[in-house]
Amino acid sequence: MLNIRIERTANPRKKPEPGAPLGFGKIFTDHMFVMNYTEGQGWHDARIVPYQKIPLEPSAMVFHYGQTMFEGLKAYKGTDGRAYLFRPDMNAKRANASNDRLCIPRIPEEDFVQAVKAVVSVDQEWIPSDPGTSLYVRPFIIATDEFLGVAPSKTYLFIIILSPSGAYYASGLNPVGIWIEDEYVRAVRGGIGFAKTGGNYAASLIAQVKAHDEGFSQVLWLDGVERKYIEEVGAMNIFFKINGKIVTPMLSGSILPGITRNSVITLCRDWGYEVEERRISVDELIEAQKTGALEECFGTGTAAVISPVGKLRYVDDVMVIGDGGIGPVSQKLYDTVTGIQSGAIKDPYGNWHVCVDD
Ligand code: PLP
Ligand code: COI
């Protein structure tokens, strides 16, 4: 259990007006959580302080070799007016999986969840309540040793910042067009693809720029070895409905084990769908689209929620999915996931909808 010191701001910022467009990740709240790590001492000095710049030396290791991890989750204003999180224990577990891979010291899961709850509780007035909005929570760790050798740092900062946000994609629930990348790869098994760390996203930018230039909003990656099997999108996992079955790439070490992915698999199985986690080749998709077996395609992610895909491009093939609009399973998943998140639908699992003040 952390002993968190709280220093409230003397200069509260202006909150966005209800109805004002928020965008994603552009506005920050009054406070942030900070905790230091020092070798020999462990994590210490947990505190909530006014949102502020962090002084770092130019030699801080994070700037050079990217020893860092981040998480992403959201806080929602419940129908009862209280503040809720969605499955924060899963983020705490995944943070440690990333930490282990990057030689960053672990944070006990209960401390991670306590820190998230505490800072969201302090800034809960910032949770927006317009439909489709929430308070995006971004925990992250950076290596802070002042040293240019390549080695694990001996000091770190764990910080949590909060951002009232709307839809991740400007198109909202309108289907997005996705570019299947055939030149660059994002990750390989044995690498860092399963971890949530800056390097994966830095590696993805060039293909994202290319996809945007071609009029597509996101990149769908293929496996790094054969460049044949579907992996995931830049900020979401990917699902297909093929011949009535829900199909998604299996977790092989090179894709992020998404919490929304896990939730969608659980819901679909409970609704009676057969869900297959397996390898899916791009050829299988092209074939399924030609025969009409490819009924739906959607991405899943905290920021993106359930994001219908209307069109996929691979080299010279452009596959339009269904009628190009949102499919019924995608719509039902969107309604159910957002309903559980806000509390409008009763949490069927008991630990998905977690109040920050309990
Ligand atoms: N894949 C990548 C690369 C992501 O950045 C994200 C977003 O967090 C996801 C998948 C979806 O994961 P989650 O559902 O836990 O947000
Ligand atoms: C999230 O969905 O939480 C993410 O981290 C996606 C992010 C890359 C914007």
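A residue counts as near a molecule if one of its heavy atoms lies within 4 Å of it. Before I go on, this is a predicted model: local features need pLDDT of at least 70, side-chain atom pairs count only at pLDDT 80 or more, and totals for chains, interfaces and linings use all residues. Residues are numbered from 1 along each chain as its sequence is written, chains are lettered from A and ligands numbered from 1 in the order in which they are written, and side-chain values use heavy atoms, with hydrogens and water left out.

Now the polar contacts, which are pairs of N or O atoms within 3.5 Å. Tyr201 has a polar side-chain atom 2.5 Å from an oxygen atom of ligand 1. Thr302 has a side-chain N or O atom 2.6 Å from an oxygen atom of ligand 1. For Glu232, a polar side-chain atom lies 2.6 Å from a nitrogen atom of the ligand. On its own, ligand 1 has 390 Å² of accessible area, and the protein covers 97% of that. Accessible areas come from the Shrake-Rupley method with a 1.4 Å probe.

Next, ligand 2. The residues around ligand 2 include Phe70, Tyr136, Arg138, Lys196, Tyr201 and Thr302. The side chain of Tyr136 has an N or O atom 2.6 Å from an oxygen atom of ligand 2. Taken alone, ligand 2 exposes 280 Å², of which the protein buries 90%.

Now the empty space. Rolling a probe the size of a water molecule over the atoms shows where such space is left. The search runs on a 1 Å grid over the protein atoms alone: a cavity is a set of points where a 1.4 Å probe fits but cannot get out, a pocket is an open set with protein on both sides within 12 Å along at least five of seven lines, and lining residues have an atom within 4 Å of a point. A volume is the space filled by probe spheres set on the points, which are joined across faces, edges and corners.

The largest pocket holds about 770 Å³ of space. It is lined by 42 residues, and Phe70, Tyr136, Arg138, Lys196 and Tyr201 are the closest to its centre. Where does the largest pocket lie? Domain 1 (5-165) and domain 2 (176-342) both give residues to its lining, so it lies between them. Those bounds come from an automatic or database domain assignment. Helix 4 gives the largest share of this lining, six residues; helices (H or I, at least four residues) are DSSP runs, numbered from the N terminus, as are strands (E, at least two).

The second largest pocket has a volume of about 520 Å³. Of its 27 lining residues, Pro131, Gly132, Thr133, Tyr334 and Thr338 are the closest to its centre. Helix 7 supplies the largest share of that lining, five residues.

Key:
A polar contact is a pair of N or O atoms within 3.5 Å; within protein, one must be able to donate a hydrogen and the other to accept it, and residues adjacent in sequence count only if both atoms are side-chain atoms.
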